[in-house]
Amino acid sequence: RFGSNAATFMISDFISGLRAYSRALSLIGQLRLWNYLAIPALLGLLLAFGTGGLAWEYSTQLGDWFLSFTPDWGGSFLEGLSQVLSAVLILVLGIMLFKHLLLVVVSPFMSPLSERVERYLKGDTTPPPPFSPSRFAGDLIRGLRIALRNVFWELLFSLPFFLLSLLPGIGLLGAVGLYMVQAYYAGFGSIDYTLERHFRVRDSVRFVRQNRGLALGNGSVFVLLLSTGIGILIAPPLATIAATIETIERLPQKPVPETSAFEYI
């Protein structure tokens, strides 16, 4: 998947990641997966109200903090600018952190959903394993571990794009880059619900890196759904099913060991 054909593979995987959502919608009705949507939807709503309330509470304080770095002669212009910057920053950080928090909170419910879809696609008719508190806790811990790791890298890569988006004329390029970074790590989280049954975290990271296009395609729809507000109710399970459909087709392609300074990004 590397070399002169890397771009072609990436675009193909991106399109596959987008198309998988249409099949995911049909599988929800076909397999009667509605019960997997209810609890994540409720958790998403509660999390949205909680994070939204915190963002509203601290937006003014962040604006005042920005204003403390400006000279006294700026007057109302600098005050208005500081409020705009604080609003944009809170919006970007809010979506970013909310996305990862949501993936962690719903992980114990998305993992069984992913397994149900995988069993169906592989023709496995054996009964799924019963509920296990230890597995529930394990899914939550792994989700938190992946989220913390991804938040670090996402913040690191988002900062230059965020600053670029504030510049007139080329701000659109920064906004597109910021969206792609968020989409990649959102797709990463959805894909890992399948990978956790097959790989350790390190190998999962390599797998996602080798299928960047798939992560971008899956995450692009996920982030778009979240940005509509109503998508909070359906984004996690829909993205999980779509990611599972495409991921299991690539599982025979085991991660190839690489030596790179950015191997685990």
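**View A. Confidence in the predicted model is lowest in helix α3, at a mean of 68, and highest in α9, at 95.** The score is pLDDT, the predictor's confidence in each residue on a scale from 0 to 100, and helices, like strands, are DSSP runs numbered from the N terminus (helices H or I, at least four residues; strands E, at least two). Over residues 259-264 the pLDDT is below 50, although this stretch has 11 contacts in the model beyond near neighbours in sequence, a contact being heavy atoms within 4.5 Å. Where pLDDT is low, the predicted coordinates should not be read in detail. Averaged over the protein, the pLDDT is 81, and 76% of the residues score at least 70. Residues are numbered from 1 along each chain as its sequence is written, and side-chain values use heavy atoms, with hydrogens and water left out. Because this is a predicted model, local features need pLDDT of at least 70 and side-chain atom pairs count only at pLDDT 80 or more, while totals for chains, interfaces and linings use all residues.

**View B. The protein holds nine helices and zero strands.** Along the sequence the pattern reads α-α-α-α-α-α-α-α-α. Of the 265 residues in the protein, 44% are buried, where buried means under 20% relative accessible area, exposed over 50% and partly exposed in between (1.4 Å probe, protein chains only). Among contacts with a separation of 6 or more, 82% are between residues 24 or more positions apart. The accessible surface comes to about 14,000 Å², with 71% of this area belonging to carbon and sulfur atoms; areas come from the Shrake-Rupley method with a 1.4 Å probe, and for residues only the protein chains shown count as cover.

**View C. The largest nonpolar core has 30 residues, of which Leu33, Leu102, Leu113, Val117, Phe222, Leu226 and Ile241 touch the most other members.** Such a core is a set of buried Ala, Val, Leu, Ile, Met, Phe, Trp, Tyr and Cys residues joined through side-chain atoms within 4.5 Å. Two or more residues are given to this core by each of α1 (6-30), α2 (35-67), α3 (75-105), α4 (107-122), α6, α8 and α9 (235-247), and the largest share, six residues, comes from α9. Not counting residues up to four places away in sequence, Leu113 touches Leu33, Tyr36, Pro237, Thr240 and Ile241. Another core, of 20 residues, lies apart from this one and includes Ile146, Ala183, Tyr185 and Val208.

**View D. Helix α4 has 16 residues, and its end C-alpha atoms are 22 Å apart.** Just after the helix, Gly123 takes a positive phi of about 75°.

**View E. Helix α8 is largely enclosed by the rest of the structure, because 12 of its 16 residues are buried.** Among these buried residues are Gly213, Gly217, Asn218, Phe222, Leu225 and Leu226. Leu225 lies in this helix, which covers residues 212-227, and beyond its neighbours within four places in sequence Leu225 is in contact with Gly231, Ile232, Ala235 and Leu238. The C-alpha atoms of Leu225 and Pro236 are separated by 9.5 Å, with the two residues 11 apart along the chain. Just after α8, Gly229 takes a positive phi of about 90°.

**View F. Four aromatic pairs are found in the whole structure.** Rings of Phe, Tyr and Trp (its six-membered ring) pair if their centres lie within 6.5 Å, and planes under 30 degrees apart count as stacked, over 60 as edge-to-face and the rest as tilted. Trp153 and Phe157 are stacked, because their ring centres are 6.0 Å apart and their planes are at 20°; these two residues are four apart in helix α5 (residues 133-165), and so separated by about one helical turn. Phe157 is partly exposed, at 29% relative accessibility. The rings of Tyr184 and Tyr185, with centres 4.9 Å apart and planes at 85°, form an edge-to-face pair; Tyr184 is buried at 11% relative accessibility, and Tyr185 is buried at 2%. Ring pairs also link Phe152, Trp153 and Phe157 into a cluster.

**View G. Asp192 is found in helix α6, which covers residues 171-195.** Asp192 is buried, with a relative accessible area of 4%. Leaving aside its neighbours within four places in sequence, Asp192 is in contact with Arg142, Ile146 and Ser204.

Key. Expected span 1.5 Å × (residues − 1).
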